[in-house]
Amino acid sequence: MPAITRAARMTERLPGRLAQAAAALKRAAMPAVATWLSRGAIFGALVGTLIGALLGPSEAAHAADAPNAALPVVAAENFYGDVVKQIGGAYVNVTSILSNPDQDPHLFEASPKTARALQHARLVVYNGADYDPWMTKLLAATGNSSGDGSGGSGSRQRAIVVAANLVGKKPGDNPHLWYDPRTMPAVARAVSAALGTADPAHKSVYDANLATFLGSLKPLDDKVAALRAQYKGQPVTATEPVFGYMSDAIGLDMRNLRFQMAAMNDTEASASDIAGFERDLRERRVRVLIYNSQATEALTRRMLGIAQQSKVPALSVTETQPAGVSFQQWMLGQLDALAKALAQK
Ligand SMILES: [Zn+2]
C-alpha cells in the first residue's frame, strides 16, 4: 500500500482536532506539491506533526524514567520481543507492536499509540527489509537516535537493532527473516550487546541469558538438519513466502514464487501463475502446500481447497508468534508439522 494512503488512513483514526490538523497538512501537500515531495517525506511530516500534537508538555515531563525501572523496549514484531524478554528477563519491559496472529502484518498501519510507545524506548528492535516500513518513519519522526545498535546522543539514548542489517537483507528481499535459522542468533547477540551498554550493571546477566538462548536453538538446528537429510530437493509450494528461508535451509524445492510474492504484496497473480499453482496441486506435483493462515484471501483459500480435494497435505504457518509459546516452541512445532506432512504419501 502506498505510504500516502497509509498516512491518509491513519488520520481517520484520530480524534477531531488532530484529524483537522492532519487534514490541513494533507491539503497543503496536495497533488502539485506531491509531485516533487516524496511520499515518504509527506508521511514523515504528517507523523511528526501528529506526534508533536499528541505528546504535550505533560508527556514530555515524565519522559525521564525512574533510575531503577526496567528498560523500556519496543519490538515491532512479537518474536523479536520474545527474544528481548528471554535475554533481558526482569530488567526489560517489552512492548511488541505486531502480536496478533489473526491479522495480516503486511497490511498493518501505524497508529499514534505506536508512536507513543517509541518515545520512551531505550532499545528498539524491528525487522527491516520493508516488512515494517512504518517503523523507520516513526523512528525518524520521534528523533534522538542513531543507526544500528550504537545508540544516539543526548540524555536519553535509544539503541536500534534492525534484523535485516544484521543478516545483509534489503527491501525487495524476502522479508520473513525470522524463519531463517541464521537470523535469531544474530538478533540475540545484538540485543544482548545493546542491553549491556544501556544497563552495564546487569551485563553478566545478559551474557548468561544470551548463552542460554543460543543453546536453546540447538534442537531447531538439529531438526532442520534431519529434515534436510531426508527431504532435500522435494517439491513443495506455498501461498505466501513466509516459510521461504526455512524451506531453503531444509533444501526443499519451493515452487510458484511469483504467485507467493503477489499474495504477499496484495497484487494480482497472473492467470498463468494461478494455473501453474493449480496444476501443481491437482496433479500432485508438490508434496506439501505451506499455507500462511495470516495472509488469506479468496484466491489463497481456493488453493487450500484444491489441495484438500487433491489430497496434498497442507501445513499451516503463521507470521506472528502465537500467544503462550516461545519462539523456539513455535518454530519447532511448525517443523514437526512439516515432518508429518512430508511423511504422507
Ligand atoms: Zn508475509
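Predicted model: local features only at pLDDT ≥ 70, side-chain atom pairs only at ≥ 80, totals over all residues.
In strand S8, leucine 315 is the residue that stands opposite isoleucine 290. Strands S7 and S8 run parallel and are joined by four bridges. They belong to an open sheet of four strands, ordered S6-S5-S7-S8, in which the pairing is parallel. S6 and S8 (314–317) are the edge strands, each of which pairs on one side only. From one strand to the next, the twist averages 30°.

S5 and S7 run parallel and are joined by two bridges. Here threonine 237 has leucine 289, in S7, as its bridge partner. S5 is also paired with S6, again in the parallel sense, over three bridges. Between S5 and S6 the chain passes through helix H13 (residues 244–250), and this β-α-β crossover is right-handed. As for individual residues, methionine 254 in S6 is the bridge partner of valine 236.

Which residues of H15 are buried? They are Phe277, Asp280 and Leu281. These residues lie on the same side of H15, because they cover an arc of only 95° around the axis. What do the buried residues of H15 pack against? Their partners are strands S5 (235–238), S6 (253–255) and S7 (289–292), together with helices H14 (257–265) and H16 (298–309). Just after H15, arginine 284 adopts a positive phi of about 50°.

A further open sheet of four strands is also present, with the order S2-S1-S3-S4 and parallel pairing. Its edge strands are S2 (92–98) and S4 (159–162), each pairing on one side only. On average, neighbouring strands of this sheet are turned by 15° against each other, direction ignored. Helix H10 (residues 183–198) packs on the sheet, where it touches S1 (71–77), S2, S3 and S4. The direction of H10 makes about 175° with that of S4.

S1 and S3 run parallel, joined by three bridges, while S3 (residues 123–126) and S4 pair in the parallel sense over four bridges. Tyrosine 126, in turn, stands opposite valine 162 in S4. Are the side chains of S3 buried or exposed? Both faces of the strand are covered, with Leu123 and Val125 buried on one side and Val124 and Tyr126 buried on the other.

Alanine 129 is located in the loop between S3 and helix H8 (133–142). Although alanine 129 is not a glycine, its phi is positive, at about 55°. Aspartate 130 is found in the loop between S3 and H8 as well. Its phi is near 70°, again a positive value in a residue other than glycine. How do the surroundings of these two residues look? Alanine 129 has 21 other C-beta atoms within 10 Å and is therefore buried, the cut-off being 20 or more. Aspartate 130 has 15 C-beta neighbours inside 10 Å, so it counts as partly exposed.

Key: Residues numbered from 1 in each chain as written. Buried ≥ 20, exposed ≤ 12 C-beta atoms within 10 Å, placed from the backbone. Arc of directions from axis to C-beta. Contact = placed C-beta atoms within 7 Å. Pairing = 2+ DSSP bridges. Right-handed = clockwise from strand over helix to strand, strands pointing away. Axes fitted to C-alpha atoms, helices over the stretch in contact; angles between N-to-C directions.
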